[in-house]
Amino acid sequence: MEDLKLIVASNIINLRKEAGMTQAELASKLSYSDKSVSKWERAEALPDVYVLKSMAEIFGVTVDHIISSHDSWIPPVKKNILSDMDAKTITEICMMGIGFMALLIFVILWILGNFAWITFVYAMPVALTTLLVLHSIWQEGRFNYIIIGALVFSVFSAVYFSFYVFAGQNFWQLFLVVFPGELIVYLSSRFGKREKKASETSEKPHK
C-alpha cells in the first residue's frame, strides 16, 4: 500500500506540473481542497477511484497510468511546507505583534500627554497589508478580495482621520470614493473567477 501511495504521488506531481497546474487549480477541477491534493502528493493518502478517474480525464491519461510506476518518487521539499496550524499561528502572531506595537506607541504618547488614538487607525492598513501578503503565500490568494476591500477602506479612513485630527478638516467626501473603489475590487475578483472557469471549459477533454 505504501509503494502504491508513492507511485500515485509521483505520477500526480509529474502530470500536474506537465499540465502547468498548481495544487489549488487541480483541486478546483476535482472539487476537492488543495489540502487533499497536497496529501496525495506527499503520499500521505490515496485518492479514491472516482477521483482517479476524474484526474485521468483532466490529464488525458488512463487510470492505469496514474497507478503504475514510471519513475522513482522524489518527495516534495517539506521545509517550505507549513501545516495549516503553523500558518494560522504565524499569522496570528504577526497580527498580535502589530497590535502590540500600536498599543505600545499609544501608551507612550499618552504618558507624554498626547492621547493619540489615531495610532490604531494607522495600524489597520499595516495589519491588513501583512495579512494580505501572508494569505497570498499560504492560501494562494483565495478570498484576497475581502482583505483588499478592507485595506482600501482602512487607507481612506487613515487619510480622513489624519485631516480631521491634524488639520481640523472634516473631509467626509473622501468616503464617496470608497464605494466605487470597493466595487472595482469585487468585480476584479469575479473577473478572475470567470477567466478560470473559461479556462477549465476549454481544457475539458472532448468525448
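Contact here means heavy atoms within 4.5 Å. With that in hand, take Ser157: setting aside neighbours within four places in sequence, Ser157 is in contact with Val121 and Phe175. This is a predicted model, where local features need pLDDT of at least 70 and side-chain atom pairs count only at pLDDT 80 or more, while totals for chains, interfaces and linings use all residues. Residues are numbered from 1 along each chain as its sequence is written, and side-chain values use heavy atoms, with hydrogens and water left out.

**Overall picture**

- The protein has nine helices and zero strands, with helices (H or I, at least four residues) and strands (E, at least two) taken as DSSP runs numbered from the N terminus.
- Written along the sequence, that gives α-α-α-α-α-α-α-α-α.
- Of the 207 residues, 29% count as buried; buried means under 20% relative accessible area, exposed over 50%, and partly exposed in between (1.4 Å probe, protein chains only).
- Take the contacts between residues at least 6 apart in sequence, and 61% of them join residues at least 24 apart.

**Salt bridges**

- There are three salt bridges in the structure, each being a side-chain nitrogen of Lys or Arg within 4 Å of a carboxyl oxygen of Asp or Glu.
- Glu41 and Arg16 pair up at 2.5 Å, N to O, and they tie together distant parts of the chain: Glu41 sits in helix α3 (residues 34-41) and Arg16 in helix α1 (residues 2-18), 25 residues apart.
- Both ends of that pair are tucked away, as Glu41 is buried at 3% relative accessible area and Arg16 is buried at 10%.
- Arg42 and Glu44 make a salt bridge at 3.0 Å, N to O; Arg42 is buried at 18%, whereas Glu44 is partly exposed at 40%.
- Lys53 and Glu57 also form a salt bridge, at 3.0 Å, N to O, and both lie in helix α4 (residues 49-59), four residues apart, or about one turn of the helix.
- Lys53 is partly exposed at 46%, and Glu57 is partly exposed at 33%.

**Helix α2 against α4**

- The axes of α2 (residues 23-30) and α4 come within 10 Å and cross at roughly 115°; axes are lines fitted to C-alpha atoms, for helices over the stretch in contact, and angles run from 0 to 180 degrees between N-to-C directions.
- On the α2 side the contact uses Leu26, Lys29 and Leu30, and on the α4 side Val51, Ser54, Met55, Ile58 and Phe59.

**Nonpolar surface patch**

- A nonpolar patch of about 1,100 Å² is built from Leu103, Val107, Trp110, Ile111, Phe115, Trp117, Phe120, Tyr122, Tyr164, Val165 and Phe166.
- Patches are made of residues with over 30% relative accessible area and no salt bridge, with like charges joined within 9 Å and nonpolar side chains (Val, Leu, Ile, Met, Phe, Trp, Tyr) within 5 Å.
- Helices α6 (84-111), α7 (118-138) and α8 (144-167) each give two or more residues to the patch, and α6 has the largest share, with four.
- Ile111 lies in α6 and is exposed, at 68% relative accessible area.

**Back to Ser157**

- Ser157 is found in helix α8 and is buried, with a relative accessible area of 9%.

Key: Accessible areas come from the Shrake-Rupley method with a 1.4 Å probe; for residues, only the protein chains shown count as cover.
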